[in-house]
Amino acid sequence: MLTLTKLLNLTKGVDALARVLMSLLFLISGVGKLAAVVPTQAYMQAYGVPGLLIWPAAAWEIGGGLLLLTGLWVRPLALPLAGWCLLTAFVFHAAWGDQLQMIMFLKNMTMAGGFLVLAKAGAPGFGMDGVLFFPQR
(Lines give C-alpha, C1' and ligand atoms only; values in the text may rest on other atoms or scores of the structure.)
Protein backbone atom coordinates (compact mmCIF):
# COMPACT_ATOMS: atom_id res chain seq x y z
CA MET A 1 0.00 0.00 0.00
CA LEU A 2 1.31 3.41 -0.90
CA THR A 3 1.77 5.87 1.92
CA LEU A 4 0.70 9.45 1.39
CA THR A 5 4.33 10.60 1.15
CA LYS A 6 5.17 7.98 -1.48
CA LEU A 7 2.04 8.84 -3.43
CA LEU A 8 2.89 12.56 -3.40
CA ASN A 9 6.45 11.85 -4.59
CA LEU A 10 5.09 9.58 -7.34
CA THR A 11 2.70 12.34 -8.40
CA LYS A 12 5.56 14.85 -8.54
CA GLY A 13 7.59 12.47 -10.69
CA VAL A 14 4.68 11.89 -13.08
CA ASP A 15 4.10 15.63 -13.25
CA ALA A 16 7.74 16.28 -14.11
CA LEU A 17 7.77 13.54 -16.75
CA ALA A 18 4.60 14.94 -18.34
CA ARG A 19 6.14 18.42 -18.52
CA VAL A 20 9.35 17.03 -20.07
CA LEU A 21 7.39 15.13 -22.71
CA MET A 22 5.17 18.12 -23.50
CA SER A 23 8.17 20.46 -23.71
CA LEU A 24 9.88 18.25 -26.30
CA LEU A 25 7.29 19.10 -28.94
CA PHE A 26 7.94 22.82 -28.50
CA LEU A 27 11.72 22.62 -28.22
CA ILE A 28 12.12 20.37 -31.27
CA SER A 29 9.63 22.42 -33.29
CA GLY A 30 11.30 25.74 -32.42
CA VAL A 31 14.81 24.51 -33.13
CA GLY A 32 13.54 22.85 -36.31
CA LYS A 33 12.22 26.19 -37.54
CA LEU A 34 15.65 27.75 -37.05
CA ALA A 35 17.39 24.82 -38.74
CA ALA A 36 15.18 25.09 -41.84
CA VAL A 37 14.20 28.75 -42.14
CA VAL A 38 13.44 28.94 -45.86
CA PRO A 39 11.34 25.73 -46.11
CA THR A 40 9.48 26.63 -42.91
CA GLN A 41 8.73 30.12 -44.21
CA ALA A 42 7.43 28.60 -47.47
CA TYR A 43 5.21 26.23 -45.46
CA MET A 44 3.86 29.11 -43.39
CA GLN A 45 3.24 31.27 -46.47
CA ALA A 46 1.35 28.40 -48.14
CA TYR A 47 -1.18 28.75 -45.29
CA GLY A 48 -1.34 32.53 -45.52
CA VAL A 49 0.99 33.20 -42.59
CA PRO A 50 3.78 35.75 -43.25
CA GLY A 51 7.18 34.04 -43.30
CA LEU A 52 8.61 36.77 -41.08
CA LEU A 53 6.62 35.29 -38.19
CA ILE A 54 9.03 32.36 -38.09
CA TRP A 55 11.26 34.31 -35.68
CA PRO A 56 8.69 35.05 -32.95
CA ALA A 57 7.18 31.58 -33.45
CA ALA A 58 10.56 29.90 -32.92
CA ALA A 59 11.33 32.12 -29.92
CA TRP A 60 7.91 31.36 -28.38
CA GLU A 61 8.27 27.61 -28.90
CA ILE A 62 11.83 27.44 -27.56
CA GLY A 63 11.15 29.84 -24.67
CA GLY A 64 7.87 28.17 -23.75
CA GLY A 65 9.47 24.74 -24.06
CA LEU A 66 12.33 25.74 -21.75
CA LEU A 67 9.97 27.22 -19.16
CA LEU A 68 7.83 24.11 -19.28
CA LEU A 69 10.88 21.85 -19.06
CA THR A 70 12.23 23.67 -16.01
CA GLY A 71 8.81 23.98 -14.40
CA LEU A 72 8.95 27.77 -14.16
CA TRP A 73 5.69 29.80 -14.31
CA VAL A 74 3.77 26.71 -15.42
CA ARG A 75 0.27 27.90 -14.55
CA PRO A 76 0.44 31.28 -16.32
CA LEU A 77 2.32 29.68 -19.22
CA ALA A 78 -0.16 26.86 -19.73
CA LEU A 79 -3.05 28.97 -21.06
CA PRO A 80 -1.03 30.68 -23.82
CA LEU A 81 0.48 27.31 -24.78
CA ALA A 82 -3.03 25.82 -24.99
CA GLY A 83 -4.02 28.76 -27.19
CA TRP A 84 -0.96 28.22 -29.37
CA CYS A 85 -1.90 24.57 -29.86
CA LEU A 86 -5.46 25.53 -30.83
CA LEU A 87 -4.30 28.31 -33.17
CA THR A 88 -1.76 26.16 -34.98
CA ALA A 89 -4.22 23.28 -35.24
CA PHE A 90 -6.83 25.39 -36.99
CA VAL A 91 -4.34 27.26 -39.21
CA PHE A 92 -2.04 24.41 -40.28
CA HIS A 93 -3.93 21.15 -39.70
CA ALA A 94 -7.54 21.79 -40.71
CA ALA A 95 -7.40 19.64 -43.88
CA TRP A 96 -9.33 16.85 -42.14
CA GLY A 97 -9.68 14.85 -45.35
CA ASP A 98 -5.95 14.08 -45.07
CA GLN A 99 -5.48 11.46 -42.36
CA LEU A 100 -2.06 12.81 -41.33
CA GLN A 101 -3.47 16.33 -40.94
CA MET A 102 -6.38 14.96 -38.89
CA ILE A 103 -3.91 13.19 -36.60
CA MET A 104 -1.85 16.38 -36.25
CA PHE A 105 -5.03 18.34 -35.52
CA LEU A 106 -6.05 15.85 -32.82
CA LYS A 107 -2.50 15.90 -31.38
CA ASN A 108 -2.77 19.66 -31.01
CA MET A 109 -6.21 19.33 -29.38
CA THR A 110 -4.79 16.77 -26.94
CA MET A 111 -1.86 19.03 -26.08
CA ALA A 112 -4.26 21.95 -25.54
CA GLY A 113 -6.24 19.76 -23.14
CA GLY A 114 -3.08 18.84 -21.27
CA PHE A 115 -2.17 22.51 -20.94
CA LEU A 116 -5.62 23.32 -19.57
CA VAL A 117 -5.04 20.68 -16.88
CA LEU A 118 -1.65 22.27 -16.10
CA ALA A 119 -3.29 25.72 -15.92
CA LYS A 120 -5.66 24.37 -13.29
CA ALA A 121 -3.30 22.16 -11.31
CA GLY A 122 0.05 23.85 -11.82
CA ALA A 123 3.29 21.95 -11.33
CA PRO A 124 4.77 22.74 -7.93
CA GLY A 125 6.77 19.51 -7.71
CA PHE A 126 10.18 18.88 -9.27
CA GLY A 127 10.33 22.25 -11.00
CA MET A 128 11.36 25.82 -10.40
CA ASP A 129 7.82 26.75 -9.32
CA GLY A 130 8.18 24.25 -6.49
CA VAL A 131 11.54 25.66 -5.45
CA LEU A 132 10.65 29.35 -5.75
CA PHE A 133 6.93 29.55 -4.98
CA PHE A 134 5.95 26.37 -3.16
CA PRO A 135 8.98 25.36 -1.07
CA GLN A 136 8.65 22.10 0.84
CA ARG A 137 8.29 22.54 4.58
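## Contacts, helix faces and pocket

Apart from neighbours within four places in sequence, Ser23 is in contact (heavy atoms within 4.5 Å) with Gly65, Leu68 and Leu69. The model is predicted, so local features need pLDDT of at least 70 and side-chain atom pairs count only at pLDDT 80 or more, whereas totals for chains, interfaces and linings use all residues. Residues are numbered from 1 along each chain as its sequence is written, and side-chain values use heavy atoms, with hydrogens and water left out.

Ser23 lies in helix α1 (residues 4-35) and is buried, with a relative accessible area of 0%; buried means under 20% relative accessible area and exposed over 50%, with partly exposed in between (1.4 Å probe, protein chains only). Helices are DSSP runs (H or I, at least four residues), numbered from the N terminus.

In helix α2 (residues 37-46), the buried residues are Val37, Thr40, Gln41 and Met44. They lie on the same side of α2, because they cover an arc of only 100° around the axis, taken from the directions from the helix axis to the C-beta atoms. The face turned away from this buried side carries the exposed residues Val38, Pro39 and Ala46. Gly48, which follows α2, has a positive phi, near 85°.

The lining of the largest pocket divides by class as follows.

| Class | Lining residues |
|---|---|
| Nonpolar | 15 residues |
| Polar | six residues |

Definitions and conventions
Helices (H or I, at least four residues) and strands (E, at least two) are DSSP runs, numbered from the N terminus. Ala, Val, Leu, Ile, Met, Phe, Trp, Tyr, Cys and Pro count as nonpolar, Asp, Glu, Lys and Arg as charged, and the others, Gly among them, as polar.
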